[in-house]
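This report is written for a reader who is new to the structure. Please look through the sequence and the model before reading on.

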Amino acid sequence: MKTKNLIVCAMIAFMAVAFSSTSAFAQKTVEVKSTAAVKSRGANPKIKVDAQASDAKPVVKSRGAACSVKFDNYTGLYVKVYVDGYYKGTVSPWSAGTVTVGDGYTTIYCVSAGGTREWNASGDCRTSYVYTLK
C-alpha cells in the first residue's frame, strides 16, 4: 500500500513539474522602454485605426487564427495598445492587460493616453509574448 501511494505521489510531482516547465518556456517576456513621443502636425503614421469615438459604427472583428498578447504596464500612465496600427485596447496604470490579435501580426505600438510617451516592439503568434512597459 505504501509503495502504491509513493508511486502515485511521484507521478503527481512529475506531472506538476512537466506542466509548469512547459508553460514557462513557451512564454517570452520582452522589456520595452518608453521614448518621448514625437509630435507631428498630422495623424500618427503608426496608427491606422484609432479607438472608436462613438457607438455609431460597430467595430469589425477579424476571423481566423488568433493569439493573445499580454502587457504589463509598470508606469503610472494609461497606455493605448495598437497592433499593426489597429487600436486593441487601453491598459490602466500599474496593471496588466491582454489583447487578442490576428495570426501574423508584426508590430506593437503603445502610446500614453496623453501622447507624451511611446513604446515600439515586434512579435508574432509563434511564441506567447509578455511586453513589459517601463
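Which residues of the largest nonpolar core touch the most other members?

The model described here is predicted. Its largest nonpolar core has 18 residues, and those that touch the most other members are Phe71, Tyr105, Ile108, Cys110 and Tyr131. Two or more residues of this core come from each of strand 3, strand 4, strand 6, strand 7 (residues 107–112), strand 8 and strand 9. In soluble globular proteins, nonpolar side chains tend to be buried together.

Cys110 is buried, with a relative accessible area of 1%. Ile108 touches Phe71 and Tyr131, and also Tyr82, Val83, Trp119, Asn120 and Ala121, leaving aside residues up to four places away in sequence. Tyr105 is also buried, with a relative accessible area of 2%, and is located in the loop between strand 6 and strand 7.

## The chain as a whole

The protein chain contains one helix and nine strands. Read from the N terminus, the order of elements is α-β-β-β-β-β-β-β-β-β. The chain has 134 residues, of which 26% count as buried.

Among contacts in the chain with a separation of 6 or more, 64% are between residues 24 or more positions apart. The accessible surface of the chain is about 9300 Å², and 59% of that surface belongs to carbon and sulfur atoms.

Four strands form an open sheet in the order 1-9-3-6, and their pairing is mixed. Strand 1 (27–32) and strand 6 are the edge strands, each pairing on one side only. From one strand to the next, the twist averages 25°. Strands of a sheet pair through backbone hydrogen bonds, either parallel or antiparallel.

Strand 3 and strand 6 run antiparallel and are joined by seven bridges. Cys67 stands opposite Val101, a residue of strand 6. Elsewhere in the sheet, Thr132 lies in strand 9 and is buried, with a relative accessible area of 8%. Its contacts, not counting residues up to four places away in sequence, are Thr29, Val30, Glu31, Val32, Asp72 and Tyr74.

## The disulfide

How many disulfides does the structure hold? There is one, and it joins Cys67 to Cys125 with an S to S distance of 2.0 Å. Cys67 lies in strand 3 (residues 66–73) and Cys125 in the loop between strand 8 (117–122) and strand 9 (128–133), so the bond ties together parts that are 58 residues apart in sequence. The torsion about the S-S bond is about -65°, and the disulfide is therefore left-handed.

Are the two cysteines of the pair buried or exposed? Cys67 has a relative accessible area of 16% and is buried, because that value is under 20%. Cys125, with a relative accessible area of 22%, is partly exposed.

Tyr105 touches both Cys67 and Cys125. The contacts of Tyr105 also include Val69, Val83, Asp84, Gly123, Asp124, Tyr129 and Tyr131, again not counting residues up to four places away in sequence. Tyr105 and Cys125 are 20 residues apart in sequence, and their C-alpha atoms are 7.1 Å apart in space.

## Two residues with positive phi

Most residues other than glycine have a negative phi. Asp84 has a positive phi of about 50°, although it is not a glycine. Asp84 is placed in the loop between strand 4 (79–83) and strand 5 (86–91). Its relative accessibility is 23%, and it counts as partly exposed. Asp84 is also one of the residues that Tyr105 touches.

Trp94, another residue other than glycine, has a positive phi near 55°. Where does Trp94 lie? Trp94 is in the loop between strand 5 and strand 6 (96–102). Trp94 is exposed, with a relative accessible area of 63%.

Note on methods:
Residues numbered from 1 in each chain as written. Predicted model: local features only at pLDDT ≥ 70, side-chain atom pairs only at ≥ 80, totals over all residues. Heavy atoms only, no water. Disulfide = S-S within 2.5 Å. Buried < 20%, exposed > 50% of the residue type's maximum accessible area, 1.4 Å probe, protein only. Contact = heavy atoms within 4.5 Å. Pairing = 2+ DSSP bridges. Axes fitted to C-alpha atoms, helices over the stretch in contact; angles between N-to-C directions. Core = buried A, V, L, I, M, F, W, Y, C linked by side-chain atoms within 4.5 Å. Areas by Shrake-Rupley, 256 points an atom, 1.4 Å probe, with all protein chains shown as cover.
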